[in-house]
Amino acid sequence: MAFYVKSIVVLTPILLFTCSAKAASNDGSVLPFPPTPSASIAAPRLQDSKHQRRVEQDHLPKDAPNILIILLDDVGFGLPDTYGGPIHTPTLSRIANDGISYNAFHTTSICSPTRAALLTGRNHQRVGSGTIAERAVDWDGYTGVIPRTSASIAKVLGDYGYKTAALGKWHNTPATETTPMGPFTLWPTGEGIGFDYFYGFLAGETSQWEPRLFENFNPIEPPQVEKYHLSEDLADKAITWMRKQRAYSPDKPFLMYWAPGAAHGPHHIFKEWADKYKGQFDDGWDALRERTFERQKQLGWIPADTKLTPRPETMAAWNSVPENQRAFQRRLMEVFAGFVEHIDVQAGKVIDELDRLNIRDNTIVFYIFGDNGASAEGQNGSISELLAQNQIPNTIEQQIDAMNQLGGLDALGGPKMDNMYHAGWAWAGDTPFKYTKLIASHFGGTRNPMAISWPARIKPDKTPRSQFHHVNDIVPTIYDILGIKPPRVVDGFQQDPIDGVSMVYTFADATAPTRKVTQYFDNNGSRGIYHDGWFASTFGPLTPWLTISPGLAAWDSAKDKWELYKLNSDFSQAEDLAGKEPQRLSEMKSLFLKEAETNNAFPIGAGIWLRIHPEDRAKTPYRSWDFDATTTRMPEFAAPGVGRESNRVTIDAVFGENASGVLYALGGASGGLTLYMDDGHLVYEYNMMIIERYTARSAQKLSPGKHRIEVGTSIAKPGAPALVVLNVDGHEVARADVKRTVPAAFTASETFDVGVDLGSPVSLKYFDKRPFPFNGTINRVHVELQ
């Protein structure tokens, strides 16, 4: 700890040494700590016995800080006005002004892997998280299962005495394990992760208006308030939890992981927040990028000699956008900007509560502005973002026509659409770097601003920290602060090595040499390696802003062309030195392969496997199910694929006069299917990602009493047309020809529900009646995949 005392000149050296020595004196190599022996003496007779309460051992320094980690989603390096961007971020500015900022901090370029590395201090593939949870495949680095051999920061600090809470987006539980039957080991409060409390959603995204929420292990519906928004709910829940923690365990410090869904798609926000940015993006993304770049240099956030990298050849220029589409594209960016400012303001409410509780001074705040770069997954701009993930061809004219039927431009950001902005805005949001989220080879996908504030220990300093660091460095930094050695054994599991390095040496010295020597990056075949000031990388096969990446199935990683950059003189990766330094490049490529093998990153490109082989997606082994009205909130990835493969659904139910309500539904407003009763008529609707809707309706009403309804769906393969036939008591009453189906999934977090349509409603016909419960009795719903 000698370097720690020396480097943090604002600390009291004696106090710091005393705290660290005390923590280290408790052997934390094996967790949990053994119980403190009883101090009482038990004799055969009560009157001969001595009672004395044991003194529980304290394993933490007396002034151990509270820890708040704020992690935003899908926001890029060039977005916050704190550092020169166009979006107002007062809370980020507040943390930066109270502390220090980092302009060379890195993520993994994608959601689940970044979160796994952040929470464990290990490289993402070492902890089975080479891709997002929904795309997990069965190679060790890509299973989506964080192993018990890599204990989370919540598990370790909980054993040391911290109270812990996670709020917001989780996205690190296998998609097929998010049902009420678990297993719950890898849920946030499960024994494999170790948080005391969780409130949020398990999937990669959810509606901000009707989120699919869980509290600990329990599915819950959002509060029924007049103006609900998930980001505000998460701030309120964080405040409530902190107040309870102060009331019930004021002697304990806390760890809070506050990771809202914003600003991941869908971009949902109140109209007045989007209106704040009216007219500010009228000249398009190319001009926005130029303005941002100049402000970044003026603020000293980037070096004065930084070069602005060019727009990728396959990405549209603003001046190529037809005039009749520009209002649509501008409004999408205005909505996104309002969404980002809104979530930053909600983070401010959490910070305000630290002040109210008088604990701000000894709370260290890590504000990480993004788990990857800004997202190009909206491609050409969309009102239904999973069109892109499903690789469904569409046109902007289709998008605008569908939007106009839902209320026009003013409806963007509202509950009837899952809108996502054009990839050009994401590229501008990653200024001055090349590329976007999903690209691990260039800093547009991996470099995110971070600010750290700890008033009791860190002196404010405007000088950016430019040491090369990674999200896996947060855990060892916290351990260093507390004097904790990474445990050797946790819950009986021998622990994997920590891959990150402590950042404490940067707290009081903005110019200290980087202590991180090597860091590899890999995602979907795009990859890179940092070593001692140099960076070698290759783009890989996947282009996020294209609906279909050409040559994906034929791609050979051994034939990729690599680039080489000298970072201390090339902040933005603008000058490729591969031709001038072939020997160094060869050595860097060999080093990447060594790191990749050590960290279970083979096979390179495993993250794209399901794009080529969708039949191998994670799914339950079942081919038939029996449900009734108790079946609700069944996640789509665990539910029957009634919208993507041939199936037969048989319903035995009792109907009243003019029966109404949902019999079953899968998905939500952005895409799904539903079977419901409308004033006695049987109605089926296939909502093909908003842009197309197919319906079948019985001509006659169903008479009161018992009926057997059969829905037969014939689909040759996922994505192909479907024939849907409705039968009542053995007689056909309606049919629908669905011209194309969804090949992968309707949504990320919506569910299969019987007797009701929870979350956002599949059909506009009952939007105002949601959740539109069936007013009869459902005895049985049998689903058979054929």
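Mentor: Helix H15 covers residues 582-598, and its 17 residues should span 24 Å at 1.5 Å a residue; the end C-alpha atoms are 24 Å apart, so the two values agree. The expected span is 1.5 Å times one less than the number of residues. Helices (H or I, at least four residues) and strands (E, at least two) are DSSP runs, numbered from the N terminus. This is a predicted model, in which local features need pLDDT of at least 70 and side-chain atom pairs count only at pLDDT 80 or more, while totals for chains, interfaces and linings use all residues. Residues are numbered from 1 along each chain as its sequence is written, and side-chain values use heavy atoms, with hydrogens and water left out.

The buried residues of H15 are Leu585, Met588, Leu591, Phe592, Glu595 and Ala596. These residues lie on the same side of H15, because they cover an arc of only 135° around the axis. The arc is that of the directions from the helix axis to the C-beta atoms. As a general rule, an α-helix has 3.6 residues a turn, so residues three or four places apart point the same way. Buried means under 20% relative accessible area and exposed over 50%, with partly exposed in between (1.4 Å probe, protein chains only). Pro582, Gln583, Lys594 and Glu597 are exposed, on the face of H15 turned away from its buried side. After the helix comes Asn600, with a positive phi near 65°.

What do the buried residues of H15 pack against? Their partners are strand E15 (518-523), strand E16 (526-531), strand E17 (534-538) and strand E18 (563-566). Contact here means heavy atoms within 4.5 Å.

Among these strands, E17 is mostly covered, with 5 of its 5 residues buried. Trp534, Ala536 and Thr538 are on one side of E17, Phe535 and Ser537 are on the other, and both faces are covered. E16 and E17 run antiparallel and are joined by 5 bridges; two strands count as paired if DSSP finds at least two bridges between them. In that pairing, Ile529 has Ala536 of E17 as its bridge partner. The hairpin of E16 and E17 has 2 residues between the strands, and Asp532 takes a positive phi near 50° there. E17 also pairs with E18 in the antiparallel sense, over 4 bridges. Here the bridge partner of Phe535 is Tyr565 in E18.

Next, the sheets elsewhere in the chain. An open sheet of 9 strands with mixed pairing has the order E3-E11-E10-E2-E9-E5-E6-E7-E8. Its edge strands, strand E3 (100-102) and strand E8 (218-220), each pair on one side only. The twist from one strand to the next averages 15°. Within this sheet, strand E2 (residues 66-71) and strand E9 (residues 254-259) pair in the parallel sense over 4 bridges. Ile67 has Leu255 of E9 as its bridge partner.

Two helices lie across strands of this sheet. Helix H3 (residues 90-98) lies across E3, strand E10 (363-368) and E11, at about 55° to E11. Helix H6 (residues 230-248) lies across E2, strand E5 (163-169), strand E6 (197-201), strand E7 (213-215) and E9, at about 175° to E9. For these angles, axes are lines fitted to C-alpha atoms, for helices over the stretch in contact, and angles run from 0 to 180 degrees between N-to-C directions.

Gln245 is part of H6. With 4% relative accessibility, Gln245 counts as buried. Leaving out residues up to four places away in sequence, Gln245 touches Lys163, Pro250, Lys252, Pro253 and Phe254. Gln245 and Lys163 are 82 residues apart in sequence, yet 7.6 Å apart in space, C-alpha to C-alpha.

Arg457 sits in the loop between strand E11 (450-453) and strand E12 (469-470). Arg457 counts as buried, at 16% relative accessibility. Its side chain makes a polar contact with the side chain of Asp63 (2.3 Å). A polar contact is a pair of N or O atoms within 3.5 Å; within protein, one must be able to donate a hydrogen and the other to accept it, and residues adjacent in sequence count only if both atoms are side-chain atoms.

Another open sheet has 6 strands with antiparallel pairing, in the order E19-E30-E21-E26-E27-E28. Strand E19 (624-627) and strand E28 (731-738) are its edge strands, each pairing on one side only. Here the twist averages 10° from one strand to the next. Strand E21 (residues 647-655) and strand E30 (residues 777-785) pair in the antiparallel sense over 8 bridges, and Ile651 has Val781 of E30 as its bridge partner.
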